[in-house]
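I am opening a notebook on this structure. I will go through it place by place and write down what I find.

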Amino acid sequence: GFRVLVVEPRYVRWAPSAHEYAEVERAAALIGRTTTAMQIWDSLHALRWSLSVLQGPPESVSVYGREAAAVVALYVGAIEHRIDRVIVDRPPASHLDGPPILSVLRHTDIPEIAAMVAPRDLVFLQDPDAAFSVAKATYRIVGRESAMRTASSLVEAVTTPFARDTSDERDPITEEPCPASV
């Protein structure tokens, strides 16, 4: 069976006016954050809390996000190593078009964050934008090209067996076993 944790980070169900939203974003910027960064923090800590209270480790952990929430799912998946699968539906191709995070474009963008999920499963529910070719190349380099795929539905994405075979997964540079396979 499945255990499902639904996380609604701050500002998800709130429908502010343009003025209210600008006020919240301005206040967040004063402390060096954006609402997206706060949502990543909320989601990451909710996941970590739920994993700490489970009796025994779960069989697998998947995270899902649609559109702007897909960016939150990608960051959480890149940060938390216990996530086995990240499922995204229509993520924006860049922070220029999607949710802002202060100064992030100086270092990276959404497709590179998607690449950081490798070698774990990354499932798109729509064909990914061409910008995600960098993630595809990363999956190919680490020998996990089949772990980045497209599914026709969320049910298919969750129920399809994992693409990875961890029996002999090795770091392509050091030739040592990858942490996920130890």
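Does R10 count as buried, exposed or partly exposed? I looked it up: R10 counts as partly exposed, at 34% relative accessibility. Here buried means under 20% relative accessible area, exposed means over 50%, and partly exposed lies in between, with a 1.4 Å probe and protein chains only.

**Ground rules.** I am reading a predicted model, where local features need pLDDT of at least 70, side-chain atom pairs count only at pLDDT 80 or more, and totals for chains, interfaces and linings use all residues. Residues are numbered from 1 along each chain as its sequence is written, and side-chain values use heavy atoms, with hydrogens and water left out.

**Overview.** I found six helices and four strands in the protein. These are DSSP runs numbered from the N terminus: helices are H or I with at least four residues, strands are E with at least two. Along the sequence I read the pattern α-α-β-α-β-α-β-α-β-α. The protein has 182 residues, and buried ones make up 40% of them.

**The sheet.** I traced an open sheet of four strands in the order β1-β2-β3-β4, with parallel pairing. Two strands pair if DSSP finds at least two bridges between them. β1 and β4 are the edge strands, each pairing on one side only. On average, neighbouring strands of this sheet are turned by 20° against each other, direction ignored. For such angles, axes are lines fitted to C-alpha atoms (for helices over the stretch in contact), and angles run from 0 to 180 degrees between N-to-C directions.

I then went pair by pair. β1 and β2 run parallel and are joined by five bridges. In β2, V88 is the bridge partner of G65. β2 (residues 85-89) pairs with β3 in the parallel sense over four bridges. V88 turns up again here, with F124 as its bridge partner in β3. Between these two strands the chain passes through helix α4 (residues 110-115), and this β-α-β crossover is right-handed. Right-handed means that, with the strands pointing away from the viewer, the path from the first strand over the helix to the second runs clockwise.

β3 and β4 (residues 148-150) also run parallel, joined by three bridges. V123 has R149 as its bridge partner in β4. With helix α5 (residues 133-141), β3 and β4 make a right-handed β-α-β unit.

Which residues cover the two faces of strand β3? I noted D121 and V123 on one side, L122 and F124 on the other, and all are buried.

Most residues other than glycine have a negative phi, and most peptide bonds are trans. I looked for departures. A cis peptide bond joins A118 and P119, with omega about 10°. P119 sits in the loop between α4 and β3. E67 has a positive phi, near 55°, and is not a glycine. I placed E67 in the loop between β1 (62-66) and α3 (68-79). S103 is not a glycine either, yet has a positive phi of about 65°. S103 belongs to the loop between β2 and α4. Both are partly exposed: E67 at 37%, S103 at 42%.

**Salt bridges.** How many salt bridges does the structure hold? I read seven. Each is a side-chain nitrogen of Lys or Arg within 4 Å of a carboxyl oxygen of Asp or Glu.

R10 returns here: its side chain meets that of D42 in a salt bridge (2.7 Å, N to O). The pair links distant parts of the chain, 32 residues apart, with D42 in helix α2 (residues 35-53) and R10 in the segment before α1. D42 is buried, at 16% relative accessible area.

E80 and R48 form a salt bridge too (2.7 Å, N to O). E80 lies in the loop between α3 and β2 and R48 in helix α2, so the pair ties together parts 32 residues apart in sequence. E80 is buried, at 2%, while R48 is partly exposed, at 32%.

In the salt bridge of E145 with R140, the closest N and O atoms are 3.8 Å apart. I found E145 partly exposed at 35%, and R140 partly exposed at 47%. Salt bridges that share partners also join R66, E67, D89 and R90 into one network.
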